[in-house]
Amino acid sequence: MKQVTKDTKVTFALDKCVVGAREDKQTFSLDDIGWNGEQGNELNRFLTSCFDEWLSNHIDCGWYFEDDVEGDE
């Protein structure tokens, strides 16, 4: 893995793989996302954690039963 600095840019991207769906992506400097000098495997873990947090803030999903009606118990 290349050596990085606080100014190194990283882009997080989400693509739904559906025709016509828009890719969502955002680019940050490492400084923007709170990088503390991690390199190698530690950098990989840091970026994975940051990406997971970014992803959870960009996806609204879940599940429900089709016949559920609000207020039914």
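Student: Leaving aside its neighbours within four places in sequence, which residues is T5 in contact with?

Tutor: This is a predicted model, in which local features need pLDDT of at least 70 and side-chain atom pairs count only at pLDDT 80 or more, while totals for chains, interfaces and linings use all residues. Residues are numbered from 1 along each chain as its sequence is written, and side-chain values use heavy atoms, with hydrogens and water left out. T5 lies in the segment before strand 1, where strands (E, at least two residues) and helices (H or I, at least four) are DSSP runs numbered from the N terminus. With contact meaning heavy atoms within 4.5 Å, and neighbours within four places in sequence set aside, the partners of T5 are L30 and W35.

Student: Is T5 buried, partly exposed or exposed?

Tutor: The classes rest on relative accessible area, with buried under 20%, exposed over 50% and partly exposed in between (1.4 Å probe, protein chains only). The relative accessible area of T5 is 45%, so T5 is partly exposed.

Student: In what order do the elements of the protein run from the N terminus on?

Tutor: The protein has one helix and two strands. Strand 2 covers residues 24-29, and helix 1 covers residues 40-56. From the N terminus on, the order is β-β-α.

Student: Why is the protein described as more spread out than a compact globule?

Tutor: The radius of gyration is taken over C-alpha atoms, and the globule rule is 2.2 Å times the number of residues to the power 0.38. For 73 residues that rule gives 11 Å, and the protein is more spread out than a compact globule because its radius of gyration is well over this, at 18 Å. Taken along the principal axes, the C-alpha atoms fill a box of roughly 55 × 30 × 20 Å.

Student: Leaving aside its neighbours within four places in sequence, which residues is F28 in contact with?

Tutor: F28 is one of the residues of the largest nonpolar core. In soluble globular proteins, nonpolar side chains tend to be buried together. Once neighbours within four places in sequence are set aside, the contacts of F28 are T8, K9, V10, F12, I33 and W54.

Student: Which residues does S29 touch, not counting residues up to four places away in sequence?

Tutor: S29 lies in strand 2, and its relative accessibility of 7% means that S29 counts as buried. Beyond the residues up to four places away in sequence, S29 touches K6, D7, T8 and K9.

Student: What is the relative accessible area of C17?

Tutor: C17 is placed in the loop between strand 1 and strand 2. Its phi is near 60°, a positive value in a residue other than glycine, whereas most residues other than glycine have a negative phi. C17 counts as exposed because its relative accessible area is 72%.

Technical notes
A nonpolar core is a set of buried Ala, Val, Leu, Ile, Met, Phe, Trp, Tyr and Cys residues joined through side-chain atoms within 4.5 Å.
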